[in-house]
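Hi,

Here's the structure I said I'd pass along.

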Amino acid sequence: MNGDSNKSRPTRGITAIFQAKLVLMVMINLAQLWILAATIEAALARHYKELAPLVVASGVCWLISLSIIFWWKPLRRR
Amino acid sequence: MSSKNLSKTIEKVLSDEREVRAATAPYQAEFPYERDDEAQVTRREFCGFLAVTSTALFLSAAGFAGKAAYDSTKIEAFPPLKIEGAKDLEIGSALNFRYPTEMDTAILIRAANGNFYAFGQKCTHLSCPVYYAKESDRIECPCHEAGFDVKTGNVLYGPPPRPLDRIAIEMQNGEVWAMGRIAGGHES
């Protein structure tokens with residue numbers, strides 16, 4: 001291996017972390033889509049008791065996605 | 001493959017990504033493009049886009065729930081309406097009417113047992129108009145082959161997620177009157 005490839009190793013690690021974050025975000029978005037569909041169905045059917053848990057679930061998903069974006073940072077190699 | 005070639009191949013695979021993905025194929029000379037242009041959206045940017053989508057989905061769910069909760073506090077007033085032509089409706093036939101507004105189509109059915117049943121005409125799947133199938137004595141949706149019970153409006157088969165909206169009817173002096181509209185699947 002040459003010197004350039006050694007330099008690129010940490011970049012590849014960060015790419016893997018961003019790939020993992022991306023996959024998690026996609027899964028959370030899919031879950032939120034499902035929750036939104038269930039919320040609309042519950043609202044149209046006048047099932048008001050189901051609305052609050054669905055909104056809370058969507059909010060939890062949103063907080064998780066925010067935490068993934070703002071707090072999950074890769075550690076810097078010393 | 002010799003060990004020299006093998007190590008060369010491994011080194012090439014493990015080397016920098018840009019080097020591996022160099023545009024060297026003959027057809028790429030005919031359609032030249034910049035690698036930087038191809039990678040316009042990075043993973044980081046796409047993550048940001050998904051975060052915005054997540055926010056939008058959360059706000060949509062909260063908005064829908066809030067609107068529904070607000071609507072539930074208002075008492076809906078349904079004016080009584082005489083359904084014209086219901087008196088002469090034969091057993092095993094149906095007629096359409098509009099209730100409570102001109103925008104809300106409904107269907108009145110005189111089932112095989114002689115009783116009247118009325119429902120909103122919009123299928124709860126994708127709002128296609130439902131019709132009364134005399135031969136099977138049930139309500140059917142032609143769009144996605146759904147079936148509803150003629151007495152209760154419950155889903156018998158097909159994709160609809162909830163029963164049809166029910167129209168409360170009353171018999172007064174031999175005439176059929178619509179008295180209210182109850183959303184399909186409403187428990188109370």
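α2(A) goes past α5(B) in a left-handed crossing; bear in mind that this is a predicted model. The helices involved are residues 51-70 of chain A and residues 43-73 of chain B, and they pack at an angle of about 160° with their axes 9 Å apart. Since anything over 145 degrees counts as roughly antiparallel, that makes α2(A) roughly antiparallel to α5(B).

Who does the touching? On the α2(A) side the contact includes Leu51(A), Leu54(A), Trp62(A), Leu66(A) and Ile69(A). From α5(B), the residues include Phe58(B), Leu57(B) and a set of alanines, among them Ala61(B), Ala65(B) and Ala68(B). By class, this helix pair brings together 16 nonpolar and six polar residues, with no charged ones.

Zooming out to the whole interface, 30 residues of chain B are in contact with 34 residues of chain A. On the chain B side, α1 (3-14) and α5 each supply at least two residues, and α5(B) gives the most, with 20 residues. That side does have charges: five charged residues, next to 15 nonpolar and 10 polar.

One more spot to look at, in chain B: strands β3 (residues 105-110) and β4(B) run antiparallel and are joined by five bridges. Ala106(B) sits opposite Gly120(B) of β4(B). The hairpin has five residues between its strands, and Gly114(B) takes a positive phi near 90° there. Four of the five residues of β4(B) (116-120) are buried, so the strand is largely enclosed by the rest of the structure.

Cheers

Methods:
Residues are numbered from 1 along each chain as its sequence is written. Chains are lettered from A and ligands numbered from 1 in the order in which they are written. This is a predicted model: local features need pLDDT of at least 70, side-chain atom pairs count only at pLDDT 80 or more; totals for chains, interfaces and linings use all residues. Axes are lines fitted to C-alpha atoms, for helices over the stretch in contact, and angles run from 0 to 180 degrees between N-to-C directions. Angles under 35 degrees count as roughly parallel, over 145 as roughly antiparallel, 65 to 115 as roughly perpendicular and the rest as oblique. A crossing is left-handed if the near helix is turned anticlockwise from the far one by less than a right angle, and right-handed if clockwise. Two residues are in contact if their C-beta atoms, placed from the backbone, lie within 7 Å. Ala, Val, Leu, Ile, Met, Phe, Trp, Tyr, Cys and Pro count as nonpolar, Asp, Glu, Lys and Arg as charged, and the others, Gly among them, as polar. A residue is buried if 20 or more other C-beta atoms lie within 10 Å of its own, exposed if 12 or fewer, and partly exposed in between; C-beta atoms are placed from the backbone. Two strands pair if DSSP finds at least two bridges between them.
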